[in-house]
Amino acid sequence: MSFPARVFSGIQPSGKLHLGNYLGAIKRFVPLQDTHNCIYCVVDMHAITVWQDPEKLYNSTLEVAAAYLAAGIDAEKSIIFNQSQVVQHAELAWIFNCVARMGWMQRMTQFKDKAGKNSQNVSLGLFAYPALMAADILLYKATHVPVGEDQKQHLELTRDIAIKFNNDYNVNFFPITEPLIAGETARIMSLRDGTKKMSSSDPSDLAKISLTDSADLIAKKIKKAKSDADNLPFEVAGLKGRPEADNLVGIYAALSEKSKQGILDEFGGKGFGVFKPALAELAVEKLAPINKKISLYLNDKKQIEDILHSGAERAREIATKTMKEVHNIIGFVN
Ligand code: TRP
């Protein structure tokens with residue numbers, strides 16, 4: 001049995017959307033609509049693996065949906081919805097909790113990083129999270145998943161779960177999903193520490209650029225971004241060991257849709273006194289239209305809710321069919 005090409009990806013509605021979410025994920029989701037059936041989810045059930053303020057969760061959910069729409073995801077062509085409206089995600093996640101092995105889960109580096117020394121006191125959901133992510137993907141038999149480098153291990157787990165399920169029940173039911181890992185420029189790091197991923201949970205507001213930041217604030221954050229004392233190199237190899245310089249060049253490249261080398265061809269030999277203002281100008285120019293569209297969508301919450309409702313209806317149709325087959329395969333009495 002072959003599987004039709006289908007893309008699934010998701011973003012958590014926890015905190016404000018930032019430049020990393022946009023360049024590393026949302027922007028890459030758009031062109032896939034021309035070649036694949038795409039499902040883009042706001043993964044609210046993932047968000048609550050750490051406590052979320054209910055009002056903020058609600059607003060962030062609408063904000064992620066608004067950003068999908070503002071970036072150019074077409075709600076007719078693709079499916080946009082929030083995870084908790086389709087209960088089958090939780091149902092399949094339970095079944096996958098029974099397929100995945102403790103050893104596999106204990107190897108997940110993201111859990112180890114997030115739990116840190118606090119591992120006895122984090123939620124069980126945070127530990128089980130990768131099985132829910134596998135359920136998100138396999139519920140729709142997605143063949144391709146665009147994700148950042150940091151999610152690669154979760155994708156491998158998804159493949160392991162699909163393989164074990166297929167073997168345990170002697171079926172060829174779930175596809176072996178391929179990750180679509182972003183290129184060199186899509187990994188956006190903190191503006192205060194080039195070795196850390198840009199993250200909405202970063203306590204420093206200067207570390208991240210939010211999609212809803214004003215033009216002035218964007219320019220200010222870029223001017224204050226950590227850099228170093230040297231001029232930019234002429235070759236990409238010269239960025240090695242200079243994480244902040246590498247990140248700023250990468251952001252410029254991603255915003256302008258060029259390679260890092262292309263940017264160094266222009267700025268090699270120049271200092272940050274020249275490069276940062278150019279980057280600030282470019283960032284404002286590229287983000288302002290998105291920013292404006294997001295606010296317009298957010299002015300009409302009812303419209304976004306309607307889009308999420310009808311997206312959920314379409315998602316549920318696929319999910320119901322998958323779960324019916326899963327019940328039969330497992331031996332659940334329907
Ligand atoms: N875990 C992903 C992240 O934190 C979000 C996510 C949840 C996801 N389910 C998914 C991504 C399914 C791709 C496919 O970025």
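Q: Are F29 and Y40 buried or exposed?
A: In this predicted model, F29 sits in helix α1 and Y40 in strand β2, 11 residues apart. Buried means under 20% relative accessible area. Both F29 and Y40 are buried.

Q: What kind of aromatic pair do the rings of F29 and Y40 form?
A: The ring centres of F29 and Y40 lie 4.5 Å apart, and their planes meet at 5 degrees. Planes under 30 degrees apart count as stacked. The pair is therefore stacked.

Q: Which arrangement do F165 and F174 adopt as an aromatic pair?
A: F165 is buried, with a relative accessible area of 0%, and F174 is buried at 1%. Their rings are 4.9 Å centre to centre, with 65 degrees between the planes. Planes over 60 degrees apart count as edge-to-face. The arrangement of F165 and F174 is edge-to-face.

Q: Which residues form one aromatic cluster with F165 and F174?
A: F165 and F174 pair with each other. The cluster also takes in F96, Y169 and F173.

Q: Which residue has its backbone oxygen 3.3 Å from a polar atom of the K221 side chain?
A: K221 is found in helix α9. At 1% relative accessibility, K221 counts as buried. Its contacts include L191, L206 and D205. The backbone oxygen at 3.3 Å belongs to D205.

Q: How are α3 and α13 oriented to each other?
A: The axes of α3 (residues 54–71) and α13 (residues 301–330) come within 10 Å and cross at roughly 80 degrees. Angles of 65 to 115 degrees count as roughly perpendicular. So α3 and α13 are roughly perpendicular.

How values were computed: Residues numbered from 1 in each chain as written. Predicted model: local features only at pLDDT ≥ 70, side-chain atom pairs only at ≥ 80, totals over all residues. Heavy atoms only, no water. Axes fitted to C-alpha atoms, helices over the stretch in contact; angles between N-to-C directions. Helix = DSSP H or I, 4+ residues; strand = E, 2+ residues; numbered from the N terminus. Parallel < 35°, antiparallel > 145°, perpendicular 65-115°, else oblique. Buried < 20%, exposed > 50% of the residue type's maximum accessible area, 1.4 Å probe, protein only. Polar contact = N/O pair within 3.5 Å; in protein donor to acceptor, adjacent residues only side chain to side chain. Contact = heavy atoms within 4.5 Å. Phe/Tyr/Trp six-rings, centres within 6.5 Å; stacked < 30°, edge-to-face > 60°. Lists of a residue's contacts leave out its neighbours within four places in sequence.
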